[in-house]
Amino acid sequence: MADIFTKIGNLDRRIIFVLIALSVIIPILTDLIIPNIVGAEPSRDLFEFVDSLPPGSNVIISFDYDPSTMPELQPMAEAVVRHLFEKGHKIIGMALWPQGAALGQDAMSSLSDSLGKEQYQDWVNLGYKTGGGVMIVRLGTSMRAIFPTDRDNVPWSEIPMLQGINNLDDIQLVISLSAGDPGIIAWVMMAGDRYDIPIGGGCTAVSAPQLYTYLQTEQMVGLLGGLKGAADYETLVGIDNGQAIRGMSPQSVAHIAIMLFIIIGNVAYFMQKKRGGAR
Amino acid sequence: MNRLPAVILLLLMLTAGAAMSQSGGPPPGDEIRSTALAPVVSSAMELEAVDTPDDAGGNVDITWLMEAEGTVPDSLGVIRTGPSGEDELLAVLPTGTLLYRDTTALNGTTYSYSIVSYYRGEIAGASGEVSAVPSAQWLYSGRVGMMIILIILMSIILYYIETGKRGKELFIREIAGLAAVDDAVGRATEMGKPVLYIPGIMDMDDIQTIASMVILGRVARKTAEYGSPLLVPTSRSVVMSVAQEVVKEGYIQAGRPDAYNKESINYLTDDQFGYAAGVDGIIVREKPAAIFLLGTFYAESLILAETGRSVGAIQIAGTAMPSQIPFFVAACDYTLIGEELFAASAYLSREPKLLGSLKGQDAAKLFFIVLIVVGVIAATIGQFWPPLESVAEFLRDLVTVN
Amino acid sequence: MRLIIPLAITFTSGMIMILNFFIPHQPFALLGDNLQEWYMIVASGAIFLGAANLLHVHFRKIRLKLKNWKYSPVTIVGFLVMIILGLFYGVTENLPFDYLFMNMVAPMGATMFSLLAFFVASAAFRAFRASNWRATLLLTSAFLVMLGQVPIGAMIWDKIPLAKVWLMAIPNTAGQRAVMIGAAMGVVATSLRMIFGIERSYLGGAD
C-alpha cells in the first residue's frame, strides 16, 4: 500500500500530460457545452463602458499580442470589434507588437464585411510602430506624425475617418489587448495617467492578477481576463457559440482535472508522511 | 392678348431681379424671405482665453458657450488680433465646438480673441473680445508631488551611498538564491556539464535585463575559475552583444581569457515562444547541471523552468515580474523575488557604494510603508472625522501624476 | 575614455529624461522629444542587427559543420522565404506572406504557448502540498479561483465567482502591489546607480 502512494507521489509526468490532453480533447470532440454565466466581473465593466460611449466615438484598439496568445486574445478582439461596430463607433487599430497588426487586420476586416462596415469610414488599421511606451507618449502630441500612413500605405490625409483627429485628446477610449510588455501597463502609464484617456484591456489569464491593481485605482475602466473574460464579453455582446464560449467546456474539465491531481498528490503526500516515507 | 399680363408680370419680375442683383442683395426669389424673416444667429458668449497650463509656451486655450436663442450657425470662426492690430482667421470650426487651442502664439505677446458665427457664408454674429498672454511654465503642476517624493528617495539613497563610501559596516541579510550561485557552478563543474544562463526575453532598455547582465559577469568569472562551459542564449541581439562583452571581461578578470568562447553566447530569436523552444532544445540536448533564469520573463517562464527541472538541473531564478514569480517558486530551487534581483550586484560584489544604495533602497521602502499606513488610517478614520479626510486627500494628490 | 564616454551619455540622457518629465519649458521639452524619437530609430535598427547575427551564426555552423549544423539550413531557408515573400507581396491578407504567417507561424506559436497547460499541471501535482497552514490557505484560494474562472464554479455554488472576484481584488491586489512597489524601488535605485555611474558592470569590465 505504501508503494502505491510512493508511486503516485512520483508519477511520471507524461501520464499527467496525457490525462490533461484527454481532458481538453474529449469535451471538444463530444461538443460539450457549459453555459457561461457573467457575474459582477471586470469584463462587464468594460462592456458597460463601451455601451455608455456616445455613438461615433473614436476608439483605439491596440493589438499587442502575437500568434502564440491568439487562442485567448483573438476571441476578445473579435467580440470587442463586433460590439464597437454595432454601437456605431469608429475603430482605429494599431499594434505595439509586430505581429499584432496582422491579427488585428484579421479581426476587423472579417467583421467589417459581415456587419456592413467600410474601411476608412468606420475602421482603419494604422499598423505596427516600434517604441512601446515612448510611442504612446508621442501619440499624445500628434498621431499623424507617428502614423503618416496606415498599414496599407494610404496617407492619413486620404482617410476620411481620421480627419479631425489630431492626438489622444480626440480619442474617447483605448482598449489594449495585450499578452505582455509593451501592452496595457504602458497604455495606462503613458496615455491614461498622462492624458486622462479611459483605458480598457484584455489580457491572458496569467497577466490578469497583476492588472487588477489598476482596476481598483480606476486607472482602467474594465478588463477581460483570459478566455473567461473573452467568453463573458461574447455572452454580453450576444455572440452565441463564440470561440471563447466553446472553449469554456474544455477549460472547465481541465481545471477540474488539475484540482484532482493536486488532491491526489496531497493524499499520497500525507499517506507517505504518515508512514514516515515522505521526502 | 390673353398672354399679355403674364408677359408683363414676367418682365417685371426679371427687371426687379436684375435690379436686386445689381444692388448686391440676396439672389432672386429670396428677397421675400430675407426681408420678412431675417434670422438671428446664435453667437458665442462667456468667452475665456487662458495661457495653456503646463506647456512649453506658445499655446492659448479659448473656451466659450453658445447662446441658446437664435439660429444655429453653419460654422464658427476663431479670430485673433495680434499686437499689429490686424485680424487673423485662425480656424473655422464645426458648429457645436466649444473650445480651441491656438498653438501659434508667441510667448509674452498679448493676443485678443473673438468667435464669429457664420451663416450662409457670411458673418452673422460675433462674441466679445478676450485677451491672453501665452508663456512657458517651468514645472508641471500635476507632478510636483512626484518630484518631492523623487527628491526624498534620491536623498535617502545617495545618503546611504555616502555612508557606505565612508566605510560604515552595513548589514545585508542573506539571500539564499545568491548565496547558492557558487554551489550551483561548483555542481556543474563536478558533473562535467555546462552552466546555462538565460537573461530573460527583453531588451537592454529593461532594468531587469541590466541587473541580469551584472549577475552574468559574476557567474562568468566563477565558471572561468572553475573551468565550466557557459551557455548564454539571448532573445535580443543587443543583449547578445552586451553579454559577450560582460562574459569576456569576466573571463579576463579570472585570468582565463583563452577559455572565452564567443559562440557560446548567441542570439536565437525575438519571438517569445520561438526563444522558449530554442532554449528548451538546448536544455534537453546539453543537459546543463545549473540553470540561471534571471531577468524579465513572461508566459515562457514555466516552460523553461519545468524543462530545466526535468533534466535534473539546479535552478536559480529571479524576476521582478509579479505574475511569473509563483511559477519560478513552484519549479525552481531558489527564487529571487522582485528587488532581490536588483540587490544581486551589491550582494555579490559587497562593494560599499552598492551596499549603501541597497540600504538606501530599503530605507526608501520604509518611507513608503509609513506613507501607506498613515494614508490608510487617515482615509479610514477620515470617513468619520473630516480633518483626517483632508490628510488622506493630500496624500492622494501627492502621489498622483497628471 | 572607454568608460567615460558611455557614462557621460548615460548621465546626460538619464537627466534629460528625468527633467523632461517635470519641466515643460524649453529646451527640456525639445530634448526629451528628440531622445524619444532617437530611441525609436535605434530600436528599429536593432532588428537588423539581430537578423545579421542570426545569419552569421547559422552560416558559420554550416561552414564549420558544428554540432547540430543540419538544423541551420532550415532556419536560414525559413528566414529568407518570409523576408522575400514579405518584400515582394507585402503583408496584405491572403497573399503568400500572410498565408504562411497565419497557417504556420501562428499555429506554431500557439502550440508552444499551449505547453503551459501541461507544465502547470505537472508543476501543480508536484509542488502544491498542504504541508502547513499557509500552504493549505494557498491551496484553498487556488481552488476557489480555478473554479470561479470557469462556468462550472457558478453551477456548483453561485458564491464561488464572487469569492474569486474578492480574492483577486483584495488579497491578490495587496500582494501584487507589495511586489510591484518593492520592484519599483529596486528599479529606482538601480537606475540612479546607473545614471550617476556607480553601477558600471553592465558596460563590461568596468569595476
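Here is a short tour, from ground rules to domains, surface, cavities and salt bridges.

## Ground rules

This is a predicted model, where local features need pLDDT of at least 70, side-chain atom pairs count only at pLDDT 80 or more, and totals for chains, interfaces and linings use all residues. Residues are numbered from 1 along each chain as its sequence is written, chains are lettered from A and ligands numbered from 1 in the order in which they are written, and side-chain values use heavy atoms, with hydrogens and water left out.

## Domains and a helix in chain A

Let's start with chain A, which is assigned domain 1 (2-32 + 254-274) and domain 2 (42-240); such bounds come from an automatic or database domain assignment. Taken over C-alpha atoms, the centres of domain 1 of chain A and domain 2 of chain A are 39 Å apart.

Now look for helix H8 of chain A, residues 184-195. Helices (H or I, at least four residues) and strands (E, at least two) are DSSP runs, numbered from the N terminus. In this helix, A:Ile184, A:Ala186, A:Trp187, A:Val188, A:Ala191 and A:Gly192 are buried. Buried means under 20% relative accessible area, exposed means over 50%, and partly exposed is in between (1.4 Å probe, protein chains only).

## A nonpolar patch on chain B

Over on chain B, a nonpolar surface patch has about 950 Å² of accessible area together, and its members include B:Leu366, B:Phe384, B:Trp385 and B:Val391. Patches are made of residues with over 30% relative accessible area and no salt bridge, joining like charges within 9 Å and nonpolar side chains (Val, Leu, Ile, Met, Phe, Trp, Tyr) within 5 Å. The areas come from the Shrake-Rupley method with a 1.4 Å probe, and for residues only the protein chains shown count as cover.

Which helix gives the most to this patch? That's helix H12 of chain B (residues 352-381), with seven residues. B:Ile381 lies in helix H12 of chain B and counts as partly exposed because its relative accessibility is 40%.

## Cavities

How many cavities of 30 Å³ or more does the structure hold? There are three cavities of that kind. A cavity is a set of points, on a 1 Å grid over the protein atoms alone, where a 1.4 Å probe fits but cannot get out; lining residues have an atom within 4 Å of a point. Grid points are joined across faces, edges and corners, and a volume is the space filled by probe spheres set on the points.

The second largest cavity has a volume of about 60 Å³. Its lining includes A:Thr69, A:Ser207, B:Tyr298, B:Gln324 and C:Phe113.

## Salt bridges

Over all chains, a search finds 22 salt bridges, each a side-chain nitrogen of Lys or Arg within 4 Å of a carboxyl oxygen of Asp or Glu. One of them pairs A:Lys87 with A:Asp51 (3.3 Å, N to O). A:Lys87 sits in the loop between helix H4 (70-86) and strand S2 (90-95) of chain A and A:Asp51 in helix H3 (residues 42-52) of chain A, so the pair ties together parts that are 36 residues apart in sequence.

In chain B, the side chains of B:Arg80 and B:Asp102 form a salt bridge (2.8 Å, N to O). This pair links distant parts of the chain, with B:Arg80 in strand S3 (residues 75-81) of chain B and B:Asp102 in strand S5 of chain B, 22 residues apart. Buried or exposed? B:Arg80 counts as buried at 7% relative accessibility, and B:Asp102 counts as buried at 1%.

Notes: 1 Å grid on protein atoms, 1.4 Å probe; cavity = no way out; pocket = protein on both sides within 12 Å on 5 of 7 lines; lining within 4 Å.
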